[in-house]
Amino acid sequence: MKNILNRIKLPAFLENTQLRYGAVVMVVLALAGVIVSAFVRPWVALIMLVLLIGLVVASFNMLATITRNTNKYINDLSYRVKRGEQEALIRMPMGILMFDDDLNIEWLNPFLRQYFGEDHILGKNLKDVDDNLAKIISNAGDDTKTQTVTWGDHRFSTVVQKSIGVIYLMDITNYAQIEERANAERLVIGQIFIDNYDEVTQGLEDSVVSGLRSYVTTTLSDWANQYGMFVKRIDSDHFMMIAYAQSLHEVITRDKFKVLDVIREETSKQNAPLTLSMGIAYGDSDITTLATTSQSNLDLALGRGGDQVVVKSHDGDAKFYGGKTNPMEKRTRVRARMISQALQELFKQADKVYVVGHSQPDMDSIGSSLGIRRIAQMNGKDCYVVLDPDHLHSDVERLMEKVTSDTELANWVITPEAALSGATDHSLLVMVDHSKPSITTAPELFERMSNRVVIIDHHRRGEEFPDNPMLVYIEPYASSTSELITEMFEYQPQSAAPLNKLEATAMLAGITVDTKNFSRSTGTRTFDAASYLRSIGADSTKVSLLLKENMHNYLQRNHLIESVDMIGEGLACCTGEENRTYDPVIAAQAADTLLSLSGITAGFVITKRPDGNVGISARSLGDYNVQVIMERLGGGGHLGNAATQLHDTTVAEAKQQLVDAIAANEAENDAEG
């Protein structure tokens, strides 16, 4: 049947396969009816034949008409489509420019011509006509991805197809302005806290306290009004701030939160120096998220010692302002008692306790770990000190030799592997002398117990911090973590066995090391803690023996000092050899030694560490903030004691990075001044 159809020559309107099949089937059926009728009644067959001929003629005429109308419609539609394409190229509100390989202008539509302000530009080189647009085309990739660019006073959404030499530009200036306005009016929420209100106002007359409160409120309100922000006091030492993102941007670029310096300096003149901390959140449309983030940012500011501002979006990087002065001692014994009670409650809920210090621990890390172990024992809980015996400095090794030979303590010091195998879902992990999970002695143990963590530390809190710790006790103005933990013993069950002599000696050694033999970062509470430890048996002679330096370390330290180089006014830097590793403690000691030299305000020591990284130890006497320098390089610490580690770099490259960071910090300070 198919071959027969292919041989039949039909009119054009029957070239459609479906029509051909339909027509042939209809004719065949009609002929079959005529033939059958001819054998039965010839006259009926004749009538049917006449009707068949009429039907065929009528069908052909109808199909011919349909074909003509269809062809006319298709031709008309095709013409309209082509005409529309031509009109679109010429009249639509999108710029189209064609160019050759040398960026000579070959053609552009009328819509784009208005942006050039010149009638005759065809054939000219685009670099001569508009160098900015030429750079946009040169820098663009050859793809169909849309990019937003600024050309002149307008914003365009562009697509560049270099393969065919065409750029399409859609003017989205109005939409960009709407978006910029929406972004500028996004909500910002801030929490403002007077760090030391209770401590400063305690004992002052009511009239003086009222004057201080009035001054702080008025100063903050005037500052806020200057930038179109709203500040409301919600407590004696707490304010709420609401602003737009544009106002926050103006404060950051023009002001740098100088109101903190103003309030601190003016109240100092009244012998009642008040310091403020702020936590500011932006970049989220959800008010609850903004409020939560602002509180977290305030906690971060307070954890870093207060007197500073932390500005951070929910998932962005934190920016720090202020914090350039030594934090004043603001903690009270009330807070120490509250922390002790909270810690006791957590101990009651735990089946066992693990305490862990930072990697390559120093005396303060070991001493505070032993102190927490004793507090847990006094509350009836088994507590294990987690320690990696393969990475210990010489003084810590001497201490651990005495600990492991002590029958009471030996079984409570375990390796990270043993702790990991023994930990349960009800165990408690106490991090001492650090808050960064990346530098903990037992990172796998932290991952296992990350939802049941307590942090006790005296270093300024950084951005890297455990999520949702159960208890945080960070006091940057304390001399050491051992000092903080020593104060807790006053609030422990008195019927339990107290610190033994070795534990007390270890904690005293921790305080001694971190205070450089009580010469730095000391307050009245530091000496109170040392006095308590001495009263229960801490041996200062044994402390001196533990801290003795061996000959090799002494020579290495002096070798580093010999390489001293001045990298700025009052800034000294020592560098180790590229192919030689140095103990981080030796580098820190060398940095301390630099401060004993005349004319040196701050010292930096750069060495290759045993783990392959390059470490920088930074020290100052407090007149120069080394913390902000180390933070620029990914580290942190205190104003006068900070450090960082750099990966995949050399000592020489690290020194250059340090010099660049110092220069950037000085430029920023000059701009603020």
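Two strands count as paired here if DSSP finds at least two bridges between them. Keep that in mind as you look through these close-ups of a predicted model.

**View 1. Strands β20 and β21 sit side by side as an antiparallel pair.** Seven bridges join β20, residues 602-608, to β21, residues 614-620. Look for F604, which stands opposite A618 in β21.

**View 2. The pair belongs to an open sheet of six strands.** Reading across, the order is β18-β19-β20-β21-β23-β22, with mixed pairing. At the edges stand β18 (565-568) and β22 (636-637); each has a single partner strand, so one side of each is left without a neighbour in the sheet. Helix α23, made of residues 584-594, lies across β19 (571-575), β20 and β21, and runs at about 155° to β20.

**View 3. Helix α9 covers residues 206-226.** V209, L212, V216, T219, L220, W223 and A224 are the buried residues of α9. Seen down the axis of α9, these buried residues fall within an arc of 130°, so they line one face of the helix. An α-helix has 3.6 residues a turn, so residues three or four places apart point the same way. On the face of α9 turned away from the buried side, you will find the exposed residues D206, S207, N225 and Q226. Just after the helix comes G228, with a positive phi of about 70°.

**View 4. N109 lies in the loop between β2 (105-108) and α4 (110-113).** With a relative accessibility of 0%, N109 counts as buried. The C-alpha atoms of N109 and M94 are 8.6 Å apart, while 15 residues separate the two along the chain.

Technical notes: Residues are numbered from 1 along each chain as its sequence is written. This is a predicted model: local features need pLDDT of at least 70, side-chain atom pairs count only at pLDDT 80 or more; totals for chains, interfaces and linings use all residues. Side-chain values use heavy atoms; hydrogens and water are left out. Helices (H or I, at least four residues) and strands (E, at least two) are DSSP runs, numbered from the N terminus. Buried means under 20% relative accessible area, exposed over 50%, partly exposed in between (1.4 Å probe, protein chains only). Contact means heavy atoms within 4.5 Å. Axes are lines fitted to C-alpha atoms, for helices over the stretch in contact, and angles run from 0 to 180 degrees between N-to-C directions. The expected span of a helix is 1.5 Å times one less than its number of residues. The arc is that of the directions from the helix axis to the C-beta atoms.
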